[in-house]
Amino acid sequence: MDVKRLKIYWYYWVRMSAMTFQSLIATRLASVLFLSGKIIRISLFFIFLLALKDKIQLLAGYNLDQLIVFFLIYNVFDLLGQIFFRGIYWYRNEIITGNFDFTLLKPLNPLFQILVSHTDWLDIPALILTVIFLIIKLPAVSGVELLAFIIMGIIAMILITAVHIFVAAIGVLTTEVDHAIWIYRDLSQMARFPVDIYIESVRFFLNFIVPVGLIFTVPAKALFGVLSWQWAMGTIAFTLGFYLIIIKFWHYALKKYSSASS
Amino acid sequence: MRKYWQIFKINWDSVLVYRFNVLLWRVRMMLSFLTIYFFWGAVFSEYSQIADYSSASLLAYLVVAFFLQTLVFANDSFRITAEIATGDLNNYLLKPMGYLSQWLARDWSLKVLNLMCFMVEITALTLIFKLPVFFLTDWCRWLVFLAASVLAALLYFFFSFLVSSFSFWYPEHNGWPLRFLMLMFLDFLSGTAFPLDIFPQSLAALFKILPTTYFIFFPAQIYLGRLNPGEIVQGFLIMAVWLTVFIFLAKKAWQKGLQIYGAYGR
């Protein structure tokens, strides 16, 4: 892709994000309520963790402070996914009304249009608070651990993108999007804690079927310096394979698009 | 009464038109339950006691909470929010039936359907994961539990209507913002994912007077036999007070709301 094309995509994203921001300003009370809800959700779970403090000393070898860091890192990637890929929540309407035809006609990648069409500005304050808290809570981290975290974080973002593409493809095939994305969100909640705490079969499911373990737990383990290089390489290889298969599935789904109601 | 029975049946049929949707909804409910169940399972694989709960009693609590979640929170009446915001409320104002009563009938048809799904799910999950299902043999406690559960469902219905009526004053985003905020609190304060008495005493005492405690936590405690008769009576009294307050406020909100209702979008 040349620089000129990249500029077009950048301009599209900036315009769409600006328009989303304008709509948020137009409904200020709604924005305040949504924002409060997001911050309250994180805060209340945090209170729950603190309530466990005198009852649980270690869980799967992690102490409560470490579990809190896992929870904060879970929130970082969960919020990043929502900030950039909120468009998926609006997408079903496009499919069932046939408006997706117009998306396909534009000289831009339809996937890009679907995923980034509604940048969620309301998640940004929660993300900033989470990152500040994470920096406060983090133990001393070496340069190597930080680098490993950044690399595994990028891998996590590729996996999150792949999951959203999968949901978009399911949407084209079945017109069902809302439940599919929520199933992913529900399952991802299991990774608020390191997936190591679960029994073997559940852990396998969370790592290799719906890879929320690789998305949320692996970067956190990299930051703690407890991620083996075998796991790191395995995660990278899995991610590349997973992403390629999902892209193939997306192209297959596009061929089956029926343009219903248009 | 007969017309509400008809509404019950019509809603039942209309929900079953979208069977795949019902199936995915129930899959989500099961996943939510399993998420919580596996977490506590992991905790109890390393600890034998958390607060006053042994592994068996806490996991049994989660199963009862799953049942109550299905009964109390299954509702169609959250659509009231959008009906007010989009002006679709007009369709009902002209019909010879109570707006809230018909929604109550629709809610109960959805609850019965969800409970039937629950029975199948819990049987399957028990066979697969060996859930600690705990059957009551004391009929008296069954009756008290059922009364508390039905009251909890009613309490939630009027509470939810109050939240929906916010749309009369603020119809933006189809009235969804306040409901979103409510759901965030409800997740935590109803006791779906954990019993509320694992928190320190000061917090547990505060929870006792909140209405959200009586949606899931209180009926579940009755089922598990963790309350003495005095505490049960006290709980029912608090529930009755909240129900009276919510019914009164719902009536007021409905009257005031209709006065300013603009039928936007019509």
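How many residues does the contact take from chain A and from chain B? Select both chains to see it: 27 residues come from chain A and 30 residues from chain B. Keep in mind that this is a predicted model.

**Stop 1: the chain A side.** Color the residues of chain A that touch chain B. Two helices to pick out here are H2 (28-51) and H9 (178-188), each of which supplies at least two residues. H2(A) gives the largest share, 11 residues. Now color this side of chain A by class. You get 18 nonpolar, 5 polar and 4 charged residues.

Show side chains next. On H2(A), select Ala30(A), Leu33(A), Phe34(A), Ser36(A), Gly37(A), Ile40(A), Arg41(A) and Leu44(A). On H9(B), the partners are Pro177(B), Leu178(B), Phe180(B), Leu181(B), Met184(B), Phe185(B) and Phe188(B). By class, this helix contact holds 12 nonpolar, 2 polar and 1 charged residues.

**Stop 2: Asp13(B).** Move to helix H1 of chain B, residues 2-17, and select Asp13(B). Is Asp13(B) buried or exposed? Count the other C-beta atoms within 10 Å: there are 9, so Asp13(B) is exposed. The cut-off for exposed is 12 or fewer.

Last, draw a distance from the C-alpha atom of Asp13(B) to that of Gly87(B). The two residues are 74 residues apart along the chain, and their C-alpha atoms are separated by 25 Å.

How values were computed. Residues numbered from 1 in each chain as written. Chains lettered and ligands numbered in written order. Predicted model: local features only at pLDDT ≥ 70, side-chain atom pairs only at ≥ 80, totals over all residues. Contact = placed C-beta atoms within 7 Å. Helix = DSSP H or I, 4+ residues; strand = E, 2+ residues; numbered from the N terminus. Nonpolar A, V, L, I, M, F, W, Y, C, P; charged D, E, K, R; others polar. Buried ≥ 20, exposed ≤ 12 C-beta atoms within 10 Å, placed from the backbone.
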